Structures are given as structure tokens and as C-alpha cells.
Amino acid sequence: MGYFEVLEKETLKLYEIAKSARSKGHDIELEPEIPLAKDLAERVEGLVGPKGVAARIKELETDISREEVAFQIAREIVTDTDVEGRDDTLEVREQKSDQAIRTALAILTEGVVAAPLEGIAKLKIKRNFDSGYYLAVYFAGPIRSAGGTAAALAVLIGDYIRISLELDTYKPVDTEIERYVEEVELYESEVTNLQYSPKPEEVRKAVKNIPVEVTGEPTDKIEVSHRDLERVETNNIRGGALLAIAEGVIQKAPKVMKYAKKLKIDGWDWLGEFSKAPDPNADDSDAAPKVDDKYMRDIIGGRPVMAYPQAKGGFRLRYGRSRNAGLAAMGVHPSTMEIVEFLAVGTQMKIERPGKGNCVVPCDSIEGPIVKLKDGSVVKVESEQQAKKIKYQVEEIVFLGDMLVPFGEFLRNNHIMLPAGWCSEWWVQTIQKSESYQESDLDIKSLETEKIDAKTAFEISEKYDVPLHPDYTYCYHDVTTQDINELIQFINRELKTSDDPDLKAVSERIYDEGSGGLKLPISPEKRILEVLGIPHEIDGDELIISREDAYVLLNTLNRPVETEGSNTLEAVNSIAPVQIMAKAPTYLGARVGRPEKSKERKMKPAPHALFPIGTNGGNRRNIIDAAKKGTINVDIARCKCTECGVGSMQALCPVCGARTEPTSSGKKRINLANLLKKAYENVGVRKIDEIKGVVGMISEDKFPEPLEKGILRAKNDVFTFKDATIRHDSTNLPLTHFIPSEIGVTPQKLLELGYTNDIHGDKIEDPDQIVEIKIQDVVVSENCGDYLIRVSHFVDDLLEQLYGLERFYNVQTREDLVGQLVVGLAPHTSAGVLGRIVGFTKAACCYAHPYFHSAKRRNCDSDEDSIMLLLDALLNFSKVYLPSTRGGKMDAPLVLSSRIDPEEIDDESHNIDAMPYIPLELYEKTLDFEKPSDVLDLVDNVKRRLGTEDQYQGLIYSHTTSSIHSGPKVCLYKTLPTMKEKVDGQIKLAERIRAVDQKGVVEGVLTSHFLPDMAGNSRAFSRQKVRCTKCGRKYRRIPLSGNCSCGSNLILSISKGSVVKYLEISKNLSQRYPIDEYLVQRIELIETSINSLFESDKSKQSSLDVFL
Amino acid sequence: MKEDILLKFTNAELLIDDSAYEKIIQQENSVQVADSLIKDISSSNKDFFVLTESVVDNFLQQYLSNYQAPESKLKSDLETNYETQNETVKMPQSKLMDIPLDFHVLKDASKKSYTNGEIKDFTAYFNSRFQKLKAMLTKKPGLRESAPIKEAGNRDGVVNVVGMVNDIRNTKNNHKIMEIEDETGEMTVLIHNENHSLFEQAESIVKDEVIGVIGSKKGTLVIASELIHPSVPRIEEKTMDFSAVFISDIHIGSSTFQEEAFNNFVNWLNGDFGDETQQDIANDVRYLVVAGDVVDGIGIYPHQEEELTIKNIYEQYEEAARLLGQIDNVKMIIAPGNHDACRLAEPQPAIPENYAEDLYKLKNAEFVSNPSLVSLDGFKTLIYHGRSFDDLAMTINGLSHQTSDLIMKELIEKRHLAPIYGERTPLASEYEDHLVIEEIPDIFHTGHVHINAYKKHKGIHMINSGTFQSQTEFQKIYNIMPTCGEVPVLNRGALKVLKFT
């Protein structure tokens, strides 16, 4: 039986259990409420319908592209009239249009995101002032989650529907057009920036020409001045419509045009004028790209800058993919992470290029940092252990080490390739390609991994006419030719005193002497050695360069260089006996972004049960406290027994035990004490201190959960989310291969799970073999594992006590969870993805196959999402709990995809590299700043394998990683308790990293974090709302009575504390560092203004009086 | 009948003193006399008036003679009489004459900030606003019998209340729903769109102003029949025998500060710039009022440093002292704006001395809060920078930054300088609401919008004094054209605008 069949069989087994549990009638529905979908077509049907559409999609898919299917389906839905040959009524046509656009949009968004459900409010057929009928598409706020392209296509689908229904185009009048212009400006000034800010002319042009009315629900409480237009229902901003126009139709004009042409939809040619605008991402010149400091525009307190843009000593660009990289996750040496402390596995960084952000994963086959210790010695840090040992002696981080960037990242971001760092895997290929190389005469494999001595390095270079080995190539390009000559003169001067002017001879002598190395007095020239990256030790007032490095240095820089007319590297090459490559031609800037995360999801406050108790449970919403009142009055569902007609609020009649039907909801007196007592009896639990409920239900029907579920959740210390599922959230990281021992799984267990061979095709026997992960298997964090154990206990208790079935999981240890099915679900989406636990990581993240993350529409630049136990979701999830408000269906498992088809997931994942090494030609192309799309013939990636068996296996990596969770598991940001300490740490780190300007960081934190925060909060303080401590009612302005209408006390929503929270630390920073006077004065001014707001002139006087 | 006559004058917004009133009611056909007197006054375009006995006498003479002999020309005599009076008032060069200044600060909020930023301060602040404005409203006919909202809500029939507006919005059927409250409770008021004049009046109602409502109860709603603003009566015009100059928004330190225009202005004040008429005016100037934004400040908006020539707040004020220090023989009254080195929350205390030492050394400079009320030789001048214009322009249909005169008229009628809470204008939760317009000024001077405006409303000179800053990047984006270097001068009661660019 194949992998997918095994998963399916297990899944169906759980569905059967859930079915028999639900058939007992304790829940509102008698069956599990998550339909199973094998593929996109079934997901679409499950998510938006209509019934039977899945079959039609599959039928069409065999002949035409997915986009064409979407449009075809839309047309079929609206043109299929209820009565053959007779037009439907207006209402029916509106309903069908509504269905059509949702279905088509769901097909285009892979049936995962919530946009087709929540992004479109409705479709309406309205009339022009010339009395013709046209179609209006009403967008809602959540269209944002679909992305610009989908929003634009929704408009195009709307037009297609309009044409299919033979309706007229929308003819806007001037006031309506100007309304859009105003709204765009207002949205940007009052709500948030658009990804693309269209000029007023562009908006006018778009509105005039889009053949349907793009309108929508009000999204923000901001009124426009073009009010009370006859055809526009709201005077507030229509955020969804603006997104669809600006970030959709206008920003994605070329794409929309392409589709319109392909589908032969007329009337979109005008978009041509938008698409002429140059693509801001395209670097037209072939010269090195300019400094890009976008990632540094906001420097946040406690999140250190790791490297300035292109700064020497920053991260060195190295191409390749380790088994835990890709989808925006990039490798950094664990010793770098250890030394900077602010990077852990899964920490997000905002980076200079190729994209905007990444997630840090450990990779120990790349170069680590070079650091200067307090005693002055310079050390290349090569292992995590070494890093741990020396990290407190580090005075300066001269070089941060490599950042391993998969080729696919450049492809994904359509960023021109940048020159690659000189590395051993490149060097080896130059030998293989050289004319004098024959297979037999060198052991290439060992050359790449083993250390070779300096003498051999030179010999190889001479023999095969290849550049010098990367270990012996220093960062010559980081110093000037003058520096080089100074260094040479210095060494000459020192060595001549020992009467031996021939440096080459000296080098031979030192080398032959063995141990000693090259001894030089400590002098300013030491800095040049440091910048070049040449390690040296300190002995008294002497520095010692090892004999290997001494040999290389004296042989390379054997005489002074020409200082005129060439760069340093060229100058060095003119004197060196062998070719010297640029060690680090591309440095990447970065700063720390969001920290890694792995934590159970808790609402605030976190309930054990979705059971409303009003304010009766006190601040902690404790159902037990509420029950002490006996009978309470709450807003809750009303149900009526189908047999005896008795009213209740449960799915089973409390009198005769028959099923009930919900009738309405409203204020009702319930005897909570009784209910709770019964529930205790039902589940055989005697007493619990606290079971937390909710104040009120936010769902339409206000149907409560059975109290039994709350008791059992409280007993097992787990919490429910708004949809009655239990979630655990983690940062996403990719994983294509694992080592059984590192994820805590035995070969035996792996065999049971259907794994057979390791990457070399050998049978799995040894826990240290490397195994390719199956695409729906996930490695969750240990913390997640522990929580899921408690969830499994809850589910077992539930099965046994409430539903009267056998316990299912029977889990004792984490290992027992291996093989269990889970659901992965991302925010803003509505389709869960089936997964299977295969092991555990110590890191605070969820490692899974890139396809798994992509199927949830996530990448790995610090996106986090949730995992649920499948049986918990099947038993407890119900649509009846979902909020009735807009967006309520997001982040809920409305459908479950049981099988991942790489062709049907986000095409981001198609850029994953699958190469055992980066080919020599590709390295050479990077030096020419080629576009990644122009070198695809050199690359093996997922895209190439789509549709074949190879899409599931053989996605090999180029760089090994000995452990996917080496390096720190928690970054310093999270362990330091106060902002002051975080900022102190950040600034101390800035002082230590060569590629960072400490003063700049202090100023950056003040300018982009603390000052705006204080200014914003003190402004907000003087126009704030107040809130009731008891009932939570908010007032725009405090009532004249000073109290809430419920009689309770009111409190400020912005306290003095939040206004002044960064004042002391800002003042402190301004005193300790020589920052710009401008900033110092801004801090002073803010202090003056804060004091004026919070200190009474009276108290100042009276304190003076004391002295007088 | 007596009430009828009084009401007629009240409705015409004319004040009448006792002796004049006595005179009128002594007339045989007093009602007709009153009518025709009101008609005469309103058609004669003289917006000054407290009706005194002598005016009534004059009128009666004319009225009776008209009655008896229609060819009489007494009416025109009356007018010429006034003109000649004006002529005789004109005196040469008041500044050069050695008349001592009669300057007083009538109201100033500096060093009276008693708030600790606690929630009780917020309660106190809004209650102070409510009580002050309620006191004004309950003196008005129609509201003298007003009841607390809670009480009125429990009664049937006619409702007569004073409340602070919580919310006002349009309903689906395009009526207006207004929620008001006082310290006893809340009330929902419906303004029906078929009551056209009332509905139109309600268009300018904003949140947090205090308003009187007369109406009738219908279920839980009150259907409004009359909405009453605190408003001001028409004031009597005083004779002004000097000139005062009004400026604001100088923005010293900004790269768009027009130093040349400002120097021309200073030279003009000192008698060294402009043609003869202009110099004549200059010689007549006794006061210079600055309504905020003396300097451009620092850190006011993101990336401001890129648009500053002086990036140091102390140096900005030093430069201000250097420029203003050249002005001789004119009293300067300086209030802060949102760019000055003050707290943003209003009322803003005067510019602190430690930031503007050199300015404080100027002997002829006086520093007041924003807002403040000063007396310039008996002319009560209300100075307010104008931050609240941003909110009113956004909220009331038809108002914009270009028409700050209309905004000022709204503020005067509402008797509050910054009624809307919670939007752009930060309000400090002081025990006392200093932004209530308690005393009716003769002159109301504002700035902030960088565009000149002038209007005479019920006898009050309302002046917005423009700017000395040319168009900024921000204004370019929003297509705002500032009136740069155009200075309003109140020249013996007449407004003149002098250009210095």
C-alpha cells in the first residue's frame, strides 16, 4: 500500500470513530463537520460548492488549464437557467453570480484561502442612469488574504459573469469616480499603506474602464467627503474594493491583461498603459546592485541589526541548500547563532536581498564567524562547542560567517544573481574541469571535505591551473592596496632584522620548522590581518600566525603591489603565483525580525469551554464560581426537544434524552449549578478548581459546548480556540531529509510508517542514516508534542466518558505520538492539510516538507501556523461556534485536504532546489549578475519534476547539516525579561559586530521605535477611549457621569505607563552614546510634554513651598 | 406684548438697553415701531449695535417725520453723521504719539495645568465644559425651563434639554440621529429630514459640543423641533484708533521659511519698507499678535530633519529672537502652535522660557498660552492656533482648510475652540475647560492652515493670518496653496492685507 493510501486509510478510521461518537447526539451535528477532500476540485466543492462541481472541474481539467476551468465553471453556473430557455429572475441571477464568482475564485486560489468565502460580500445587479443593467461586485476586507492577483482576477471573473449574463457595463458618474480617488488617499493616510499607491489619474482611469462596479462593505470607521451617493451604500471607506482596484487591477495589470487575452475577454486593453510602468524589482544594468537599506528602515528595540547593507564583515553570500532550507529559510552556521545569541533556530531576519525576509536554520557545513577575542587573538570559529567555549571572550565579530541561500530564493524573488562566495565545492569543480585532471590522480571527494595543507594547496593550484583553495584565500578585497603594501613592508621590516630578505625562503623555513609559525610584534598593522581574516594567536607582545597561514601569506604577498589603477584583488593577483579569487564578493545585510515561536494557542483569556456565563464567573470567567450562583441569566441558544417539546440549550433533551432542535437565541435563565453537577457525573470527575468559560458566545446561534468538554479540557490542562478545536502554533521551517536519531524516532518505527530506504538506497537500520521525509510527515517541537499528549488524553477521556467509546490514543510518551495524524491550518485560510507526526525537534518550530507548508499557503519567513490532533478536530469542531461577523470563517478547518498534489499548491514551492551541488557554470554566471530565469537549464528543482514520480523523492540538498536543531533554541530577545535589557543586549551586540555601526543602531532604535512610540502614545493619551472594568463597554469619550451605564468604574485605555514606558531608557541611551543632537532634543521635548500632561502645576508649586 | 417686542430684538440678535426699550414701549404703536426699527437697522448694514436711547431717539425722529413728512432726509443725515464721526476719529500715526499701551492678559492657561492624567481628570474636564456651556444656554429664551435629561426622558410631551453630543449620524432613511447626554443620562434625538431648515442646521453639529434641544417625545425618541447653539449676540463696534498686525505660522528653521518676505515685513513695521500708504499704516501699529508656529520645531513629523535648515530647537528660537528682535515700538504677543516646543495637548502653555531664552529677553514680547484672551487697548482679542480646524474640516460638509473663516464662525457659535474630542486635536484633561469661549472677543485670531481668511461675524473680526512658509512637500501632495507673506492688518477697524513676497 502506498503512502497516500496508508494516510487515507488511517484518516477514514478516525472519521469512523468520530462518526460513532457524534451519533450519540451530544453535538449539534450528528457527523463530523470537516468534509474530506482528496484534491483541489473536492476542496473547492467542500469550501464554497456548489454540489457536484468537483466532478465538473475534474472533467474540464483534462483539456484546459486551471485558469480556464475557473472561468468556464463561472460561465456554466450563471448560464444554466432554472427553466430551460427562460431567463432567471434578477434575484436568482444574482445568487448564481455570487456562487459563480466564489467557485471560480476558489479554483484560482487552490481552494485553501478564505478569500472566496470572506473576501466577497455579494454580487448585485444594479442599474445605470441610462437604465441599463450592470453587475456590481462587493468586496470585503478579507480579500486581502487572497493577494493582489486573486483580487484582480475576481474582478475579471466578475466581468466574465457580466458578459455571460449579457449585462451592460458599469457607467460611473464623476462623483463616484472622485469618491474612489478620495478613498484611496484617505485609506493611505488614515488606515494603512497600500502595497501600490496609485496616482489619482490611475484610479480615475481604472474606475472608468473596469466594466463592473467594484464596490464593497465599509471596512473602516472613516467617512469620506463624497457622501450620500445614490449608488454607493456607505459613506465609509470600502477597504476591500480599494485593495481590489489598487493592489489588484492596477498593480497586477500585466497579469490581468494576459488572462483577458487568453480567455478572449474584450474591454481590458486600456490596462496596457499601466503595465508599461517599469518593474521596480528589475535591475536593468549588469553592474552590482545598489545598496538596499529597506530592511533597516525600522530598527526595533531589542531586535539587533546583524549587518549593515553590503557592509564588510556581514553575512557572506553562499549558494546552496541544506536539508532544512528553502521556502525562505536560509542556513547560518550554528556557531554564528551561538555567538550573536539573538539568533535561534527559526528566528526571522529581515534581509537586504534576495527577498525581504528569511528564517534562520542551522547549517554547519558552511563557514562560521571570525572573531577577535579579548586577548587580541583572532579565531575562526568552526563548531558550536568552540563557539560556546569562547563566546564570552569575544570582543569583536570580524566576520559573521556564511548565509546559505538556495538558488530558488533568487528565482522566487526574481532577483538578479550576485557573485558567489569562493568556496570549496566550487574550487573542486574547477579542478575537475581542468585539462590536466584525470579521474584517477586525485580523490575529489576527500578534497572537498578534508583539510589540506597550505603547501599542497599551492601545488594543486599550480598543477591544475586553478585558483587557490578557499581556506587560504583571504578577504583581500576588504583592504586597500596601501594596506597590502603596509603589511608587506611591516613583515619585511620585522623579518629583515633576522637577516633573511627572501620572503619565500622565510616561508619555507617557517613551514619546515613546524610548530612555531610566524611571529610578529603587535602593531597597528595587526588590524590589516584581522580584516583579511587571517587567524592569529597572541603570546605576550607578539602575535603568531600559524605556519599554514604564514606560508600562504608570504607566498601570496611576496612583494609590494602597484597602488595605482587597479583594485586590491587585481593588484594581489598581479603578484601572486596562483590565481586568487574574491573570497566574499557579496555581503548581505540583515537584522533580527520576529523571534521564533512554539506555543499552545490561547485566546485571551483562554477558555476551557465555549460556554457563556456572562460576568457571573468574575474576571477569570470561572464556570465554577458562576455555578455557585445557582441560576444565571445569559444570552444563549434555545432548543426544543423533538419528542417531548421541552425547552433547553443542549443537543439532547435533559428530560427524555431525545435530540433537540435549535429554535432561536436570547437571554435565558439557566440553572448552571445543576448543569455542572450533571456534567461532573457524566464524565466521572469529582472536582476541579477552575473551568473557564466565555462571557458570551460570538456565534449566530449562541449554541454552547457541552459542559463535559470543558471539564475534561480543564482536567487535562488544555484550552480551546473559538471553533472548539485545540491548537498549537509554531514557526514553520522546511525539511526534506532527517536523521532518525535527531528527531527521536527508531528505525523500527520508521519501517512501520512505511519508510524503507535512506538517501543512498540502503535499507534503514541505523538511527544515523539520512532519510528523505515523506511529504505529509511533520516534525513538531517537543513542546508541541507534550501539549498534544495532553490533548490526546483529553480526546481519550472524551471518547470514554462522554461518548462511551473506547480510548483511542493511549499515549504515554512523546514517542507514542509518532504516526498519529494531525491537521495543519494557517491563519487567513479555511482548508486544513492532513499531516502525520514523524518525530520531534528541540527547536521552537515545526519542521515539515516544504510542500506541506506550501499546501497551507505559507512560506518559511517566520510564518507561524497551527497543528491540531485530527480526532480532536473531527469530534469537536463545529461551524455553529464560528463568529457570525465578517472574517469569522477564517482560520477554521472548513475542509480537510487529505492528499498534497505538488501541482495544486502554491507555486512558491516549485522553486525548491533539488541539486547535489551548485554546478560550476552557475557559479560563473553569478559573477555576471545573470537573471535566475535565464540559467534554469543549469538547475534541477521541483518545477522540473512536476507531474513525475520525482516530485515526491530525490529532492537532494547540496550542503549537509549534522543536526537540524543545533545552535540556540531560544533567542536572547525572548529570554531577556525587560525591554531595557533587550535594548542593552542589542546595543552591546552592535558594538561587537564589525559590520554594524553602534551609534546608528542607537539612533535607529530611538528614531524608528521609541520616539514614535512615545509621541504616538502621548498624542493618543489625549484623545483616548475609556473602558468599563466590568462589562467591557467602550466609550469614545468618558460619560459626564464618570461611570459606565452598568454603574461600574471606567478605566483609561492608554495608561500613563504606556506613554512613559520608553522615556527612561531613551534618556539613558541619549546620555550614554554620542547620538545626534537632534535626537537628544527630541527626547527632551517629549519629556517636557509628558511632564506637562502628567504633573500638576499645583504639585510643582507645593513641592516648592516645602523649600520656601 | 412686552415679551413679544423683546423677542423680536432677540431673534434679530440685537441687544437693547433699558432706556431704549422704555422709549420704544412708550410709543403708541410700539410693535410696529420695533419692527420698522429692526428693519432699518438690518438694512443699513451697520453691524455694531447695542441699541441705546440716543439711537432710538434718532430713529424716532426720522420715523415720525417720515410718518408725517415723507420727503425728509433725516435718514441720510444719520449716515453721514456717522461717517464724519469716523473721519474725526482718524488721528495721525498713533505709534509715534506717546500714548501708553493699554495691554492686559485677560485669560491665560499657562502654569495652570493641574491634570495628573488620571481618569477623574477626564471626567472633570468634560463636566467643566458642559457646565460652562450649559450656563450660557440656559440663559436663552426657550431653554430657561430645561430639565435634566433623565427627568425629561421620563416625561411625556415637550422636551427641553441641554446636552453634550455623543454621536450624530444619518439613518438609512436619511434622517439624523443624535445622541446627547448630561450628567444624569442619555437621550436619542431624531432630526427629521422633512424639517429642512432644522436638518440643514444639524449638518454642522459635531460630537462633544453642547447644545440645547427642544422637541417632543415619541416612544424612546425625541423628535427635535429646535436646536439651540450657545452662539453670540451681535456686539457693538468700538472705535479703533490704532492698528494691530496679525501673523502666525512663521516656521523659522524650515527650509521653506521665506526669510526675505519676513525681513520685508519687519522692515515695514519699522517704517523702512513699502509705499507711503503702507508706511502710514506701519506707523499706526501698536500690536503684533503671533498665533503660533513661531518655529518649525523638531520631530513634529517623520523625516522632518530633511526639510530643516536649523535642526536645533534652541537655535530655531535664537533665530526667531534675532528676527523679531529687530521690531521696535510694537508690543508683541506670542502664543504657541503645534510646531512649538510645547506639549501638543490643548490648552498649550506659553512657549517655555528655557527653549526660547533670547525671545524672552525681548522687552516688547509677551508670551501667552494657546488659546488666550488679551486686551489690546480695550480690544478683546482671542488667540487660538487652530489645530481643531483639521477636525472640523473633516467632519462638517462644506468646510475646508481654505475657508477657515467659516470654521471660525462655527466655533464662535458653538462657543468652543475645539469641540471634537478623540480625533486629531489632543485635549489635555484639565479641571477647567480653557477652550470654552466664555467672553465674546472683538477680534478672533487664528492660524495653522497657512491660508488667509477674514470675515466679520456679528461684529467680531475673525482673522486667519496665513504664513511665512512657502508650499511644503506635504502641501504639494494635497495641492494646498498657502498665502505666504500676506499679512492682515486691522487698520483702525478696517482689514487690510499687505503682501511682502
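These legends accompany several views of a predicted model with chains A and B.

Residues are numbered from 1 along each chain as its sequence is written, and chains are lettered from A, and ligands numbered from 1, in the order in which they are written. In this predicted model, local features need pLDDT of at least 70 and side-chain atom pairs count only at pLDDT 80 or more, while totals for chains, interfaces and linings use all residues.

**View 1. Chain A as a whole, with 39 helices and 36 strands.** Helices (H or I, at least four residues) and strands (E, at least two) are DSSP runs, numbered from the N terminus. The C-alpha trace of chain A spans about 110 × 95 × 70 Å along its principal axes. Of the 1108 residues, 52% count as buried, that is, with 20 or more other C-beta atoms, placed from the backbone, within 10 Å of their own.

**View 2. Where chain A meets chain B.** Here 32 residues of chain A are in contact with 37 residues of chain B, contact being C-beta atoms, placed from the backbone, within 7 Å. On the chain A side, the elements giving two or more residues are α35 (998-1021), β36 (1050-1052), α38 (1077-1094) and α39 (1097-1107).

**View 3. Helix α16 of chain A and its packing partners.** Within α16 (residues 424-433), the buried residues are E425(A), W426(A), W427(A), V428(A) and Q429(A). They pack against α17 (444-449) and α31 (920-927) of chain A.

**View 4. Confidence along chain A.** The mean pLDDT (the predictor's confidence in each residue, from 0 to 100) is 90, and 97% of residues reach 70 or more. Please read two stretches with care: pLDDT stays under 50 over residues 277-286, with five contacts beyond four places in sequence, and also over residues 1101-1108, with zero such contacts.

**View 5. An annotated span of chain B.** An unreviewed UniProt entry places "domain: DNA polymerase alpha/delta/epsilon subunit B" at residues 245-447 of chain B; such annotations may be inferred rather than shown by experiment. The span is 27% helix and 16% strand, and its end C-alpha atoms lie 13 Å apart.

Definitions and conventions. Buried ≥ 20, exposed ≤ 12 C-beta atoms within 10 Å, placed from the backbone.
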